[in-house]
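Keep the picture open while you read.

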Amino acid sequence: MAGKLVIRMRTTSGEHLDVLIVGAGLSGIGVACHLERRCPDLSYAVLEARERIGGTWDLFRYPGVRSDSDMHTLGYSFAPWEDAEAIADGPAILRYISTTAQRYGVLEQVRRGRRVVAAEWSTDRAQWSVEVSTGDGGEPEHLTCGFLMMCTGYYRYDRGYTPEFPGAERFAGPVVHPQLWPEDLNYADRDVVVIGSGATAVTLVPALAATARHVTMLQRSPSYVLSVPGRDEMAERLRRRLPAMVAYQLVRWRNVAVMALLYQLSRRRPGLIKRLIRRGIERQLPAGYDIDTHFRPQYNPWDQRMCFVPDGDLFAALSSGAASIVTDRIETFTERGIRLRSGGELVADVIVTATGLQLLALGGIALTVDGRNVNLSESVAYKGMMLSGVPNFAFAMGYTNASWTLKADLSARYVCRVLNHMRHNRFRQCTPTLDEPEPDREPLINLASGYVLRSVNDFPAQGSRRPWRVHQNYAMDLLDFRLGGVEDGVLRFSPTTGDDRARARSAPPADQPALLGLPVDCEPSPDSPPEPSSPRLPPGRRLSV
């Protein structure tokens with residue numbers, strides 16, 4: 001390897017990184033692991049606004065918090081899920097994220113308590129300038145990077161959505177949103193009303209019912225609820241007979257196929273899926289239960305995301321009498337609970353408002369390109385992961401009809417392909433370019449859920465044709481992201497200048513950042529990534545060649 005080795009030390013201001021990842025949740029840690037495996041010579045950091053990694057799975061602390069997808073698809077493609085539970089609770093998922101981060105050596109690159117406020121792209125310098133708030137009242141930090149990867153999720157972390165309930169101030173007990181669950185909340189031997197019918201509500205009800213006097217799920221309208229096995233017997237058998245990764249991939253693909261089949265049948269034969277769901281519910285509830293009132297939505301399957309309950313725990317709580325469902329509208333809160341439109345009253349000691357999330361695109365970060373503010377609502381998403389007209393930028397966004405990580409994992413690997421392509425060809429910039437005629441626009445998030453409809457216009461749109469169309473299809477995306485050409489005529493690459501090429505022949509000064517388009521001699525084959533145990537520099541140090 002020709003050239004002089006220059007060690008760049010981490011600094012608190014003015015530091016340059018090849019890649020900056022924003023968010024240390026499931027997606028952000030996944031991107032960092034992919035960089036370690038596929039782009040080991042690129043410098044990077046992960047900025048996390050909170051003091052702990054894990055994102056959603058560290059933030060949500062309400063009783064029973066768990067995944068709404070099986071862990072063989074919610075887990076990373078490169079890190080087998082080996083626990084017995086297929087539908088895992090929050091602490092188990094958090095351990096999985098932390099263990100994976102530790103195994104691949106990315107924890108040392110995570111900087112906690114760092115909130116990105118704004119990012120400005122300069123074409124002349126081919127880099128992002130990023131303003132970072134430290135949260136301690138001190139001066140903001142400023143970093144530069146060659147590529148910016150947003151892994152901030154799609155909702156606000158500081159508060160959830162709670163509608164204005166008439167008379168809420170009259171209620172004598174606590175009113176709690178699950179996103180901000182108090183550690184000292186006492187609900188044992190008390191009457192609890194959970195307002196909502198989505199994934200959070202159907203998770204909370206059986207968990208609270210284990211110790212509460214009684215739990216009532218108050219819903220304005222029903223959701224589709226399916227019972228799934230809490231443990232995957234096939235996965236356990238395969239793990240006993242096959243290597244962990246082989247067993248994991250077999251179960252993963254089986255689950256991908258099952259979910260894809262369920263989704264396609266839901267769209268093409270909704271009546272059939274409705275009947276199958278109803279029969280499943282009938283088998284788990286007492287004879288004569290009013291299924292049509294409480295479990296018959298007015299929309300078709302997958303117009304909104306379905307709710308999955310492991311081993312039918314919600315139905316068990318209803319059957320035992322520990323919990324009940326009321327389908328009605330709220331007239332007003334009272335001192336003792338909630339008065340309904342029908343005239344009845346629900347007496348409660350505690351009210352939980354499982355009424356949804358507040359969406360927030362890209363963490364609310366202000367983006368600027370060459371002095372022009374980026375209006376997200378005017379942008380169109382390229383492959384569901386980059387923005388039209390925004391260079392060297394990507395974001396993680398999961399599927400609406402399958403596990404979030406399936407798409408986030410593909411996006412992370414594709415970003416590595418793009419970065420390696422830029423290094424091999426000495427490009428400095430890649431930009432998804434939307435030519436005329438512009439495709440018809442549709443919402444990026446294709447769900448009719450209330451929390452989506454409230455904010456979907458603040459998000460980028462998707463187009464009506466490839467590569468601007470978001471396909472809710474993992475197999476199709478897998479072929480496109482893995483085998484499709486990087487230079488497709490839409491993602492356009494800009495080469496370095498002659499002066500840049502000349503500088504590539506000699507080592508840059510210690511205070512001058514290396515460009516993405518320069519060092520290529522040590523580039524690993526994307527098909528032969530280094531093992532996580534490959535020797536690395538001490539924390540905060542990276543090599544420039």
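Q: Why is Trp121 called buried?
A: Buried means under 20% relative accessible area, exposed means over 50%, and partly exposed lies in between (1.4 Å probe, protein chains only). Trp121 has a relative accessible area of 1%, so Trp121 counts as buried. Bear in mind that this is a predicted model, where local features need pLDDT of at least 70 and side-chain atom pairs count only at pLDDT 80 or more, while totals for chains, interfaces and linings use all residues. Residues are numbered from 1 along each chain as its sequence is written, and side-chain values use heavy atoms, with hydrogens and water left out.

Q: Where is Trp121 found, and what is Trp121 in contact with?
A: Trp121 is part of strand β5 (residues 115-122); helices (H or I, at least four residues) and strands (E, at least two) are DSSP runs, numbered from the N terminus. Contact means heavy atoms within 4.5 Å. Leaving aside neighbours within four places in sequence, the contacts of Trp121 include Trp128, Thr368, Pro391 and Arg428. The C-alpha atoms of Trp121 and Val390 are 8.3 Å apart, although 269 residues separate the two along the chain.

Q: Why is the pair Asp292 and Arg278 called a salt bridge?
A: A salt bridge needs a side-chain nitrogen of Lys or Arg within 4 Å of a carboxyl oxygen of Asp or Glu. For Asp292 and Arg278 the N to O distance is 2.4 Å, so the pair meets that cut-off. In general, side chains of opposite charge can pair when their charged atoms come close.

Q: How do you know that Asp292 and Arg278 are partly exposed?
A: Asp292 has a relative accessible area of 37% and Arg278 has 32%. Both values lie between 20% and 50%, so both residues are partly exposed.

Q: What makes Asp158 and Arg159 a salt bridge?
A: Their closest N and O atoms are 3.7 Å apart, which is within 4 Å, so the pair counts. Asp158, at 44%, is partly exposed, and so is Arg159, at 38%.

Q: How many salt bridges are there in the whole structure?
A: A search finds 22 salt bridges. One of them joins Arg339 and Glu331, at 3.2 Å from N to O. Arg50, Arg52, Asp58 and Arg61 are linked in a network of salt bridges.

Q: Why is α11 called roughly parallel to α13?
A: Angles under 35 degrees count as roughly parallel, over 145 as roughly antiparallel, 65 to 115 as roughly perpendicular and the rest as oblique. The axes of helix α11 (residues 404-425) and helix α13 (residues 474-483) come within 9 Å and cross at roughly 10 degrees, so the helices are roughly parallel. Axes are lines fitted to C-alpha atoms, for helices over the stretch in contact, and angles run from 0 to 180 degrees between N-to-C directions.
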